[in-house]
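Try each task before reading its solution.

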Amino acid sequence: MSELIIPILEICLGIILLFTGGELFIQGSVALSLILGIPQLIIGLTVVALGTSSPELLVSLNSIFKGSDGLAVSNVIGSNIFNILVVLGISSLIKPLKVKSRIVRRDVPLLIAISCAVWAMSSTGLLTWQAGIFLLFCLIINTIWEINTINEKDEDIKTAEPEINDLKLNKNIINIFFKLSIGILLLSFGSNILVNGSKYLAVLMGINETIIGLTIVATGTSLPELVTSLIAAFKGKTDLAIGNVIGSNLLNQLLILGSCSIFSGLKGLTINSQLIRTDLPIMVLTTFACMPIFWTKGKITRAEGFILLNIYTFY
């Protein structure tokens, strides 16, 4: 039992470092973007979104470089399932989440389409580098589309974008690059410790590292999304709470799986058969479940949030 303490401590330390590093990276990136004159809405759609997904990205890439494809893929799948069932579930318990028509009309159908495409491409047991290029290309197109359609958003959605208080941000160049450097360093160091601890724990417990990736690692790397959505729900910015989850799940598949597939080289990214049979279908089904939930009275009620949490507990 005592030998389990070290990997558990490594996992906890890795999660703390990832959380701190991600926060510093966001602060530095936002301040730099403001100095460069980039509009705040675009910063919210790109820089902040990338910052909250940076723990998943670093952990998955670190796993690839250490030959743990199962950990890299299960981290993404587990994070997507956690975001919809737990993050939306807990947020709606705090305050019922109102759903704007744009989310139902555009964002959720897009997420469903991407999720189904990823499932289909993974069904052979391999996600090739060509598939990775396709996913990154879709990410670029979606980002350009988001930026070009900013003016078409409802005023409520515009004000729901992450708050960026440029008065509180320290715009000193040295301070900005210090935060960026320390943030990236902590993200790299934290992801390395988390992956090592996860692999060691899987070996000691005699279980597949995929299980660790779907549960402990996925939960740890999803903490930024959970915190962001909870704060948004407490502040009454329910669009941000939902948009944060939808945007994160899109980035997880387009950016992280796309990058991992490319960095896997010619051999491609190996997808565990268990993930294809069970967890990928569950990820797709939970995404599909968003549609009827979002359609009912245009909001996620507390009862529906409770159901989402129970589904995750059963999962």
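**Exercise 1. The overall make-up**

How many helices and strands does the protein chain have? Then describe how much of the chain is buried.

*Solution.* Keep in mind that this is a predicted model. Start with the secondary structure: the protein chain has twelve helices and four strands. Next, turn to burial: of the 315 residues, 52% are buried. Finally, look at contacts between residues at least 6 apart in sequence: 87% of them join residues at least 24 apart.

**Exercise 2. The salt bridge**

Find the partner of Lys267 in a salt bridge, and work out where the two residues sit.

*Solution.* The structure holds one salt bridge. Its partners are Lys267 and Asp69, whose closest N and O atoms are 3.4 Å apart. That distance meets the criterion, because a salt bridge calls for a nitrogen within 4 Å of a carboxyl oxygen.

Now place the two residues. Lys267 belongs to the loop between α10 and β3, while Asp69 belongs to helix α3, so to speak a link between distant parts of the chain, 198 residues apart.

Asp69, at 7%, counts as buried. Leaving aside neighbours within four places in sequence, the contacts of Asp69 are Ile64, Lys267, Gly268, Leu269 and Thr270.

**Exercise 3. Aromatic pairs**

Identify the aromatic pairs and classify the geometry of each.

*Solution.* In general, a pair of aromatic rings is described by the distance of the centres and the angle of the planes. The count here is two aromatic pairs.

Take Phe65 and Phe263 to begin with: their centres are 5.8 Å apart and their planes make an angle of 85°, an edge-to-face arrangement. Phe65 lies in helix α2 (residues 40-65) and Phe263 in helix α10, so this pair ties together parts 198 residues apart in sequence. Phe65 is exposed, because its relative accessibility is 56%.

Continue with Phe82 and Tyr312. Their ring centres are 5.7 Å apart and their planes stand at 85°, so this pair is edge-to-face. Helix α3 (residues 69-94) holds Phe82 and helix α12 (residues 302-314) holds Tyr312, so the pair connects parts 230 residues apart in sequence. Both Phe82 and Tyr312 are buried.

**Exercise 4. A leucine in helix α5**

Which residues does Leu139 touch, not counting residues up to four places away in sequence?

*Solution.* Locate Leu139 in helix α5 (residues 129-148). With a relative accessible area of 15%, Leu139 is buried, since the cut-off for burial is under 20%. Leu139 touches Leu251, Leu254 and Leu255. As a check on one of these, the C-alpha atoms of Leu139 and Leu251 are separated by 7.5 Å, although the two residues are 112 apart along the chain.

**Exercise 5. A nonpolar patch**

Which residues make the nonpolar surface patch of about 410 Å²?

*Solution.* The patch is made by Trp129, Ile133, Ile262 and Leu266. Pick out Leu266, which sits in the loop between α10 (238-263) and β3 (269-270). Its relative accessible area is 80%, so Leu266 is exposed.

Note on methods
Residues numbered from 1 in each chain as written. Predicted model: local features only at pLDDT ≥ 70, side-chain atom pairs only at ≥ 80, totals over all residues. Heavy atoms only, no water. Patch = residues over 30% accessible without salt bridge, like charges linked within 9 Å, V, L, I, M, F, W, Y side chains within 5 Å. Areas by Shrake-Rupley, 256 points an atom, 1.4 Å probe, with all protein chains shown as cover. Salt bridge = Lys/Arg side-chain N within 4 Å of Asp/Glu carboxyl O. Buried < 20%, exposed > 50% of the residue type's maximum accessible area, 1.4 Å probe, protein only. Phe/Tyr/Trp six-rings, centres within 6.5 Å; stacked < 30°, edge-to-face > 60°. Contact = heavy atoms within 4.5 Å.
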